[in-house]
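Dear colleague,

Please find below the structure I wished to pass on to you. My notes on it follow directly after.

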Amino acid sequence: MANFIEETVKAAGAELALVRGGSGKPLLILHDELGYPGWMGWNEKLAQDRTLLIPQQPGYGKTPRIDWIMNYRDLGGFYAQVLREMKLEPIDVIGFSAGGYLAAEMAAADPAIFSRMVLVAPMGIKPAQGEIMDFFAVTVRRHLMATVADPANTPEYTKIYGGQMTPERFESFEDARAETARIGWEPFMHNPSLPHLLRGLKTPTLLVWGTRDGVVPRGCIDGYRAAISGAQVVEIAGAGHRPEIENAAEFDRAVRKFLAA
Amino acid sequence: MQVGYFTERPYRWLPEEEILRNRGYFAVSNSFFDREKAANDYHYYLDEYCYAEDLGFDAVALNEHHGNPFCMGSVMNVEASVLAYRTKRVRIVLIGNPLPVIKHPLRMAEELAEIDLISRGRLVTGWVRGAGSEQFFNNANPAYNREMFNEAHDFIVQAWTRPGPWRYEGKHFHYRHVNPWALPYQKPYPPMWIPGVLSPETVQWCAEHRYPYIGLGTQLGPTCDLWDYYADVAAQQGYQAGPENFGYLIPTVLAESEEKAQAIADNFVYGGGQNAFSAPQFTMPPGYNSKGAIRMLAKQQTSAWLGVSGAKITESMEEGDTGAVNYDEVRRKLRAGLQKVEQNLQVIAGTPTTVIPKIKTILSVLRPGVFIMFSIQGPVGNDDRRTSMRLFAEDVMPALKEHAKAIDLPDPFQRKPGSVKLAAGTKRGPVSDRGPLAALGLK
């Protein structure tokens with residue numbers, strides 16, 4: 001049923017692990033700070049008419065860490081080189097959480113790189129109200145639990161994150177959090193200059209946010225709206241930080257409509 | 001063998017329930033801080049260190065922790081400076097300055113140089129990476145902890161030895177003008193000792209630099225493993241490690257009677273003791289421990305320094321209960337845990353008669369050139385604290401020194417660490433003796 005493969009791409013001086021699945025026009029997926037969780041229902045749906053390209057972030061266990069990358073702006077520069085070498089730009093992108101921060105940095109550096117940009121509960125801009133959750137100050141377990149509004153009733157969450165955490169799983173989450181700490185420690189998961197660098201961006205942008213998001217407050221969405229005039233906002237009522245698994249149908253509807261426009 | 005006296009300088013006026021409710025010392029609100037009590041205790045602890053000198057200890061040791069009532073040494077160098085001025089003879093051992101946490105190695109070089117000058121060359125600098133909670137408190141990136149440690153150390157050595165002014169553009173530190181006019185009294189610079197728990201990378205770095213490694217109350221068996229690892233690296237470096245390369249610090253309390261000693265010893269687990277130093281999420285921040293270190297820690301399930309243990313890893317993997325706490329039950333478990341730890345010889349409590357053989361065993365097994373008594377924690381009164389010190393100094397220390405002489409335990413001042421050459425191709429000698437462990441049923 002799930003039609004994806006894992007491959008390694010030689011690009012930008014690195015051996016980049018990549019998940020590729022589906023068929024159709026390429027769609028770049030930038031996973032969140034906890035790493036690629038696996039092929040989910042929402043991937044399968046979008047893969048029906050798009051080729052999903054999901055790079056595995058350097059330092060997360062599949063792609064070796066790249067020491068010269070010291071912040072999200074650097075990471076964006078690396079991925080931009082990859083896209084250029086693979087002749088993929090301009091490309092549509094969906095960035096989740098820190099992956100949204102990443103996508104925004106890439107767009108700010110090169111407005112031509114994305115044809116359409118979806119930012120799902122993005123970090124990267126300091127909210128005027130509220131705070132991005134300091135997920136380093138909680139255990140892995142609590143971090144995971146904070147990402148969905150109703151863990152017990154989110155089947156895909158239980159399938160992937162529920163139950164006993166094996167030492168291997170723990171290690172892979174620690175890898176992800178360690179690399180996130182390395183490049184996002186301070187200012188914490190945002191860059192004060194990003195809103196300024198986004199000014200004037202013409203790339204059609206959709207901001208998606210679950211109304212019960214406990215990790216990224218609504219203030220971050222407002223920040224992106226203020227920075228990118230013309231950005232649309234879709235709120236998914238009752239969902240937490242992972243609307244793509246908490247309400248996959250709504251998520252698919254909103255994203256599909258935007259990408260087809 | 002050098003014998004030192006150490007105390008965390010605990011804040012003694014915090015109700016235990018506040019610590020238990022918080023599930024740890026770190027992050028208990030400073031709204032409980034009382035300036036009069038704190039001022040009194042800073043004075044008391046400084047006086048106590050002077051008393052240690054009077055009693056004949058070779059060294060007094062201090063450490064540093066931030067935002068934690070477990071230890072009032074938020075800025076250890078301030079206390080060290082006072083002792084540099086007030087004491088006349090003891091070495092002042094810092095265990096240690098948390099280099100990656102302070103993130104200003106040039107300032108560190110200046111502060112320590114002043115202490116060494118005021119003490120006229122009695123400083124022993126110690127470098128640590130800082131406990132997990134220190135990274136949070138000082139906003140030090142845990143993922144760069146080791147890099148910053150190494151870079152800061154290398155920079156300080158240069159700052160102390162290279163004539164200035166000179167410029168430095170490093171990876172984590174940048175100084176456009178390095179020309180400190182406070183340079184250490186000791187030449188080329190004060191000795192450097194490295195306290196540690198179990199991290200193999202730290203041990204390797206230590207052995208490569210020929211710095212004595214100070215084991216902090218770790219279980220005897222794993223400590224022997226660590227000593228072996230150090231000695232193997234030393235052999236690769238061309239020297240035979242010996243007592244001058246190792247030190248050991250252990251919680252120790254004495255009283256006039258066994259019953260009283262055991263009663264006071266309960267305070268080593270006040271509020272949960274070292275295991276409750278900080279909650280799991282603060283103990284091992286992301287990127288702080290290498291994979292190798294985590295796997296090694298996972299093997300050591302019982303209490304280690306500051307609660308860094310396999311049990312802590314397990315705690316951070318699990319849900320974390322939010323139910324109401326039965327404090328009596330918690331205390332009962334803590335006391336049972338303490339008994340176990342006493343059997344492991346990781347806490348020593350008793351009268352001189354019962355304490356001497358236990359520490360002699362430790363000395364026989366680990367063969368350290370430095371032994372440091374870690375004084376009682378918790379809300380213990382001045383008299384009981386001082387009695388413990390006095391009994392140790394008057395009745396225990398002479399026996400230990402005699403034993404150390406008998407089994408030949410030179411300290412780092414008697415024999416320079418790294419000075420015993422090992423001819424290429426020869427097998428190194430042992431650095432510990434596990435024999436007594438088996439006899440005691442320990443691992």
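**A buried alanine in chain A**

Ala104(A) is buried, since 31 other C-beta atoms lie within 10 Å of its own, and the threshold for that label is 20 or more. Please bear in mind throughout that this is a predicted model. The residue belongs to helix H3 of chain A, which covers residues 98–109. When its neighbours within four places in sequence are set aside, Ala104(A) is in contact with Leu119(A), Pro122(A), Gly124(A), Leu194(A) and Leu198(A). Phe135(A), by comparison, lies 31 residues from Ala104(A) in sequence, and the two C-alpha atoms are 21 Å apart in space.

**Chain A as a whole**

Chain A contains ten helices and eight strands. Along the principal axes, its C-alpha trace spans about 45 × 40 × 35 Å. Of the 261 residues, 50% count as buried. Among the contacts in chain A between residues at least 6 apart in sequence, 75% join residues at least 24 apart.

**The sheet of chain A**

In what order do the strands of the open sheet in chain A run? The order is E1-E2-E4-E3-E5-E6-E7-E8, eight strands in an open sheet with mixed pairing. Strand E1 (4–11) and strand E8 (232–236) of chain A form the edges, each pairing on one side only. Neighbouring strands of this sheet are turned against each other by 25° on average, direction ignored.

Within the sheet, strand E6 (residues 114–120) and strand E7 (residues 205–210) of chain A pair in the parallel sense over four bridges.

**Chain B as a whole**

Chain B has 17 helices and twelve strands. With 443 residues, a compact globule would have a radius of gyration near 22 Å, and the 21 Å of chain B agrees with this. Its C-alpha atoms fill a box of roughly 60 × 50 × 45 Å along the principal axes. Buried residues account for 52% of the 443 residues in chain B. Of the contacts in chain B with a separation of 6 or more, 78% are between residues 24 or more positions apart.

**A helix with one buried face**

Helix H3 of chain B (residues 76–86) has as its buried residues Met76(B), Asn77(B), Glu79(B), Ala80(B), Leu83(B) and Ala84(B). Viewed down the axis of H3(B), these residues fall within an arc of 155°, so they line one face of the helix. What do the buried residues of H3(B) pack against? Their partners in chain B are helix H2 (35–55), strand E2 (59–62), strand E3 (91–94) and helix H5 (105–118).

**A covered strand**

Strand E8 of chain B (residues 192–196) is mostly covered, with five of its five residues buried. Met192(B), Ile194(B) and Gly196(B) point one way from E8(B), while Trp193(B) and Pro195(B) point the other way. In a regular strand, side chains alternate between the two faces of the sheet.

E8(B) has strand E5 of chain B (residues 123–128) as a parallel partner, joined to it by two bridges; here Gly126(B) has Trp193(B) as its bridge partner. E8(B) also pairs in the parallel sense with strand E9 of chain B (residues 213–216), over three bridges. In that pairing, the bridge partner of Ile194(B) is Tyr213(B).

**Where the chains meet**

In the interface, 17 residues of chain B are in contact with 18 residues of chain A. Helix H11 (280–283) and helix H13 (310–317) of chain B each supply at least two residues of the side of chain B that touches chain A. By class, that side of chain B comprises eight nonpolar, six polar and three charged residues.

With kind regards

Conventions: Residues are numbered from 1 along each chain as its sequence is written. Chains are lettered from A and ligands numbered from 1 in the order in which they are written. This is a predicted model: local features need pLDDT of at least 70, side-chain atom pairs count only at pLDDT 80 or more; totals for chains, interfaces and linings use all residues. A residue is buried if 20 or more other C-beta atoms lie within 10 Å of its own, exposed if 12 or fewer, and partly exposed in between; C-beta atoms are placed from the backbone. The arc is that of the directions from the helix axis to the C-beta atoms. Two residues are in contact if their C-beta atoms, placed from the backbone, lie within 7 Å. The radius of gyration is taken over C-alpha atoms; the globule rule is 2.2 Å times the number of residues to the power 0.38. Ala, Val, Leu, Ile, Met, Phe, Trp, Tyr, Cys and Pro count as nonpolar, Asp, Glu, Lys and Arg as charged, and the others, Gly among them, as polar. Two strands pair if DSSP finds at least two bridges between them. Axes are lines fitted to C-alpha atoms, for helices over the stretch in contact, and angles run from 0 to 180 degrees between N-to-C directions.
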